[in-house]
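Please read it alongside the sequence and the coordinates.

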Amino acid sequence: MGAGHDGAARNLAQQLRAQGHDAVIEDFLASAPLGIGSALRSGYEFELRHVPSAYEASYRLWYRVPWLSRLLAVVVTMLTRRRLLRWVSKFEPTVVVSTYPLATICLGRLRRRGRLGVPVVNFITDFGVHPLWVHPGVDVNLAIHEGSAMEANRLSKRPSIACGPAVPLRFEQSQLPPRSVVREQLGLGDDQRAVLVVAGSWGVGSILETWAEISSDERFVPVVVCGRDEKLRERLRRHAERKGSQSRILGWTNDMPALMAACDVLVENAGGLTSLEALRAGLPVVSYQPIAGHGRHNTQRMHDAGVSRLASDRRSLHSALEALTVDCAERREQVEAGRAIFRDSPTDLILSAGPAYASAPAGARTARRAVRVTMGGLLAAALGWAGLTSGVAMATEAGAGVLQPPAGIQTVAYFGVSLSTAEASDPRIGGDLLALDATAVVDAPTAFQAAAPLRTFVAEGLTIDDGGASSLGASGPVAPATLDNGPPWQQAASDARAAGQISADLSVAVSQSVPGRQLNAWDLTQSDAYHLKLVVPNHVLHPEAVAIKVAPRQVYLVDGLASNPNSLNVYLRRLLVATRTEGILPAPLSSLG
């Protein structure tokens with residue numbers, strides 16, 4: 001799900017192999033059918049980036065309604081148990097280790113019901129222990145701090161041991177590269193206070209604001225790692241250039257030990273794997289503007305444990321940086337507290353504690369309980385389905401996770417026109433689109449049937465967006481009905497693949513999709529897989545309408561599919577007049593950013 005869970009699994013496996021044991025890593029999300037795991041991963045990233053309040057609410061929900069955790073365990077186990085048990089049967093392990101909450105509740109349920117005959121160790125990668133992090137069927141919990149172990153024991157009533165994080169030896173202070181060498185490579189002077197700023201592998205959070213707060217004080221030089229978010233990196237680079245800042249703006253890197261050796265303090269926002277690596281490297285940690293849910297939980301627990309400092313505003317951030325970027329008692333005390341949590345070898349405890357604490361599986365449940373749990377499972381499944389479909393649709397229609405008008409441009413409106421085959425073949429319509437500077441939105445059948453005229457318009461400057469796999473053309477359905485009426489994951493995959501077909505038919509790169517329907521989590525997954533950007537219009541304009549009203553900074557889709565060439569020709573000309581009357585500059589959907 002995130003680099004923290006994956007990183008912990010990799011580190012544990014590497015340590016076990018180094019001790020002479022076989023270790024196999026399986027992605028738990030891959031055990032779910034129908035692409036549900038990929039949709040869940042995309043939906044999770046989507047929430048963190050665009051609707052953090054929804055993620056915060058869902059994170060807190062499990063505390064307020066704890067019985068939902070049991071229902072979720074039922075649903076997750078129903079979806080994943082077959083492949084998961086197949087993995088166990090194939091490898092025949094001595095112990096199974098989970099580093100991810102949903103895997104934990106599934107393994108715990110299987111273990112408790114007697115379906116899994118080997119011990120299960122739950123390795124909790126967070127300081128904050130969420131209710132979904134534990135299950136009473138797990139044999140033993142391993143936690144990274146004493147407070148986390150106590151919380152895991154309270155929630156699960158199972159043995160819980162504090163062993164410290166699973167961090168590679170290369171982050172050990174004695175293993176770091178020479179500080180002077182790395183600082184010279186980064187162009188840092190001996191007297192400059194370097195602040196390492198991270199936001200996980202996805203670059204999530206208020207990183208631009210954090211950079212601005214740090215760089216506003218010339219005593220500090222931000223060294224920002226943007227993860228895999230190249231857009232964030234480019235935005236920061238432009239801001240740094242305009243400001244004349246001495247910042248170092250970096251993308252994805254595998255050399256975090258070197259950066260930690262060179263810098264004086266780490267600023268982070270989630271209490272994730274990078275902060276744990278910094279603790280082992282002896283680099284003081286400051287948490288600022290934590291992300292929703294687990295970010296706020298982790299950073300508060302780390303602050304309470306004395307291993308990091310949580311800054312609540314700009315003044316407290318500068319105060320923390322001032323104290324922790326120089327050698328002083330406060331810095332030394334925090335560094336020592338962080339290093340003290342690395343107390344035992346997690347792998348030794350996995351090999352010994354798992355079998356030692358193995359519990360006998362519970363017997364079969366009564367028929368009444370089975371019915372109750374099944375009904376609850378169906379309810380949880382319905383709620384989950386609503387979140388993946390209607391919930392995502394509501395958020396995207398509000399503008400989350402889709403292309404938006406660029407900031408600072410106040411006089412432009414953005415237009416796309418969905419076309420039938422007859423309209424796409426009409427030279428009048430092509431001329432209207434070019435005059436309006438609008439994007440033609442066509443589905444795969446229309447692109448195939450009207451390829452010749454559309455190629456002519458493209459040569460004159462017309463932009464094309466993917467309108468999906470099928471739609472209603474002028475003469476009715478133009479593609480098999482199963483493409484539109486199938487399950488949402490199939491429809492999303494078909495619509496995303498259509499972009500490649502349209503690109504091939506029209507000899508033009510199509511990089512945006514305008515499905516013209518409610519979006520769901522599978523659309524987010526498939527658009528990412530096919531490197532497409534999603535466009536959701538603010539307004540749909542109908543050619544039969546008498547009044548035309550447009551406004552700047554809005555995205556419009558003209559519904560040509562419900563019209564005909566003559567009516568659409570008249571409407572597009574009226575629309576062009578309306579934009580000029582309102583002083584609005586029309587632009588194609590490709591101008592969205």
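1. Two strands are taken to pair if DSSP finds at least two bridges between them. On that criterion, strand 6 and strand 7 (residues 248-250) are joined by three bridges and run parallel. Within this pairing, V223 stands opposite R248 in strand 7. It should be kept in mind throughout that the model is a predicted one.

2. Strand 6 also pairs with strand 5 (residues 193-198), again in the parallel sense, and six bridges are found there. In that pairing V223 has L196 opposite it.

3. How many of the six residues of strand 6 are buried? Six of the six residues in the range 220-225 are buried, so the strand is largely enclosed by the rest of the structure.

4. Strand 5, helix 8 (residues 207-215) and strand 6 form a right-handed β-α-β unit. Strand 6, helix 9 (residues 230-243) and strand 7 likewise make a right-handed β-α-β unit.

5. Helix 7 (residues 179-186) has V182, R183 and L186 among its buried positions. Viewed down the helix axis, the buried residues fall within an arc of 100°, so they line one face of helix 7. An α-helix has 3.6 residues a turn, so residues three or four places apart point the same way. On the other side of helix 7, S180, E184 and Q185 are exposed.

6. Against which elements do the buried residues of helix 7 pack? Their partners are strand 5, strand 7 and helix 10 (256-262). Just after helix 7 comes G187, which takes a positive phi of about 75°.

7. The buried residues in helix 1 are H5, G7, A8, A9, N11, L12, A13 and L16. Helix 1 is followed by G20, with a positive phi near 95°.

Key: Residues numbered from 1 in each chain as written. Predicted model: local features only at pLDDT ≥ 70, side-chain atom pairs only at ≥ 80, totals over all residues. Heavy atoms only, no water. Buried < 20%, exposed > 50% of the residue type's maximum accessible area, 1.4 Å probe, protein only. Helix = DSSP H or I, 4+ residues; strand = E, 2+ residues; numbered from the N terminus. Right-handed = clockwise from strand over helix to strand, strands pointing away. Arc of directions from axis to C-beta. Contact = heavy atoms within 4.5 Å.
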